Amino acid sequence: MGCVQIVTYAAYLGTILRQEDTPQKRQEKPGVKMEQETLSCALSSVSLDRKIDTFRLYIVTWNVATAEPPDDVASLLQLNSSKKADLYVIGLQEVRAAPLKFMTDLAFDDSWSHLFMNTLAPLGYIKVSSIRMQGLLLLFFSKIEHVPFIRDIQVTYTRTGIYGYWGNKGGVTIRLSFYGHMLCFLNCHLAAHMKYASERVDEFEYILDSQTFQGKKASSILDHKVVFWFGDLNFRIEDHGMHFIRNCITSKNFNLMWSKDQLTVMKKKVPKLQQFEEGPLDFQPTYKFDLNSDNYDSRVQKAWFGLNGKKRKPAWCDRILWRVKPRPPPPEDIFEEGDDDAAKEKKKNLLEDLMEKYPLKVVQDSYTSSMEYGVSDHKPVIGMFRLELRKMYDIPLVRLHAEGDWSADLDAMVIYSPLQPFPSSAWDWIGLYKVGFRSISDYITYTWVKDDQVAFNDEVVQVYVSKEEIPVVGGECVLCYYSSNLQCIVGISEPFKVHESRAAIEEGLLPENINGLDQAIAN
């Protein structure tokens with residue numbers, strides 16, 4: 001079910017020919033007429049089977065300049081929009097990484113991650129994956145209904161600071177399969193300063209070449225069907241003086257600065273950059289601002305020996321680009337001597353449909369900045385996209401549910417059924433989560449699938465859960481099956497109620513007297 005079937009033109013057309021080519025049919029449709037009707041039949045069969053789903057992807061990049069997060073990010077995430085996102089991808093740079101704080105963040109999540117999780121979880125999103133390398137942080141959130149179809153999750157990082165030994169600059173990556181389509185998200189912080197445009201390109205190419213992934217589907221970044229590249233890329237506006245740039249910004253003539261934008265210039269020279277698309281820069285440069293202000297850099301920079309330095313010119317340092325993996329051109333041998341231009345075009349289109357059973361199209365709906373946030377000298381940049389694709393699968397790998405009534409008074413049972421073959425492991429586990437949980441690690445309790453099996457057959461497996469592990473205060477919960485080999489949740493139950501413990505109520509146990517896990521649930 002989850003395998004991609006590659007159908008060549010010859011194989012598909014041959015199948016149709018065998019279906020059509022009976023002795024009776026040969027008499028009715030000789031020669032060219034038969035081929036034309038066969039092509040029409042093939043085209044019709046593809047078109048009738050086509051069902052394209054649209055998913056909304058919301059990307060934020062923000063250099064937060066070691067600041068603590070603001071109180072509210074609802075506006076940044078446009079949570080009041082009628083067009084709700086299916087996926088949120090948030091890339092931050094310069095998250096505070098002092099040694100003690102960094103070690104604490106690794107153990108307990110950083111304040112930025114907590115803010116985004118606490119904001120999105122009540123709306124039905126969970127943090128599926130994240131990666132941090134010193135000040136670089138990348139978060140991937142999904143609506144809960146998509147989570148069982150997000151698989152093959154891998155993360156990696158590349159340092160480029162201090163000749164590759166320091167992680168203050170570089171790239172962090174999350175790659176995954178979304179309904180069978182391989183997507184890659186790369187958050188970068190590249191070398192600073194005007195004169196290092198070529199070094200920035202070198203760092204980007206080094207990151208592309210050095211990051212690898214396990215498996216055969218997409219072992220490098222550019223093997224993925226779609227790559228989103230974003231971050232503080234640090235490209236500046238050359239040649240133009242401060243007065244000209246500020247006049248362009250004031251008059252909103254942003255296009256007058258495009259030709260001197262370093263990334264735009266480098267894209268004309270560097271083949272790998274030419275593969276990436278970017279929307280028009282129809283928003284004002286997002287660097288460098290006075291803190292808590294919409295005013296560009298007005299402070300006097302101190303240079304060597306106490307001399308005054310230059311103010312930083314505004315620049316589009318913060319960018320979001322994407323690349324769709326190109327398809328190979330159709331082979332020339334499908335065309336025949338008698339084909340006119342219309343016939344060739346029809347065959348070419350048919351072949352593209354047949355070779356691409358599972359298309360994926362990226363459409364950018366918006367590319368802008370959010371000016372209201374002033375905690376940093378950068379403003380956040382937002383890209384909203386539509387992913388138009390045909391799902392390769394729409395059935396989860398596992399179906400599971402809670403058997404009977406659940407409470408801390410009785411041992412409980414989970415029933416699960418594998419719906420498709422997948423590489424199960426002794427390290428697979430089923431977690432009990434409160435409805436509205438924030439991330440995979442937010443389980444109330446869990447049970448090892450293999451250790452706690454009490455009965456099984458080819459279709460249904462029962463897993464035991466001790467009453468000691470069930471919260472006495474109860475609440476609305478879900479069960480999630482986590483695959484250790486696939487590193488993801490492969491099945492989620494419908495919500496169900498865990499009842500309050502009657503024994504606890506009779507003994508007068510109050511929430512403040514309950515153990516730590518139940519205290520968290522009660523709160």
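In this predicted model, the side chains of Lys-379 and Asp-294 form a salt bridge with an N to O distance of 3.4 Å. Because Lys-379 sits in the loop between strand 10 (360–369) and strand 11 (381–389) while Asp-294 sits in the loop between helix 10 and strand 9, this contact ties together parts that are 85 residues apart in sequence. Over the whole structure, the search returns 13 salt bridges.

**Accessibility of the Lys-379 and Asp-294 pair**

- Lys-379 has a relative accessible area of 1% and is therefore buried.
- Asp-294, in contrast, is partly exposed, its relative accessible area being 48%.

**Salt bridges of Arg-319**

- A salt bridge connects the side chains of Asp-261 and Arg-319, at 2.9 Å from N to O.
- This pair links distant parts of the chain, 58 residues apart: Asp-261 belongs to the loop between helix 8 (255–258) and helix 9 (262–267), and Arg-319 to strand 9 (residues 318–324).
- Arg-319 also forms a salt bridge with Glu-278, where the closest N and O atoms are 2.7 Å apart.
- Here too the partners come from distant parts of the chain, since Glu-278 lies in the loop between helix 10 (271–274) and strand 9, and Arg-319 lies in strand 9, 41 residues apart.

**Burial of Asp-261 and Arg-319**

- Asp-261 counts as buried because its relative accessibility is 0%.
- Arg-319 is likewise buried, with a relative accessible area of 0%.

Terms used:
Residues are numbered from 1 along each chain as its sequence is written. This is a predicted model: local features need pLDDT of at least 70, side-chain atom pairs count only at pLDDT 80 or more; totals for chains, interfaces and linings use all residues. Side-chain values use heavy atoms; hydrogens and water are left out. A salt bridge is a side-chain nitrogen of Lys or Arg within 4 Å of a carboxyl oxygen of Asp or Glu. Helices (H or I, at least four residues) and strands (E, at least two) are DSSP runs, numbered from the N terminus. Buried means under 20% relative accessible area, exposed over 50%, partly exposed in between (1.4 Å probe, protein chains only).
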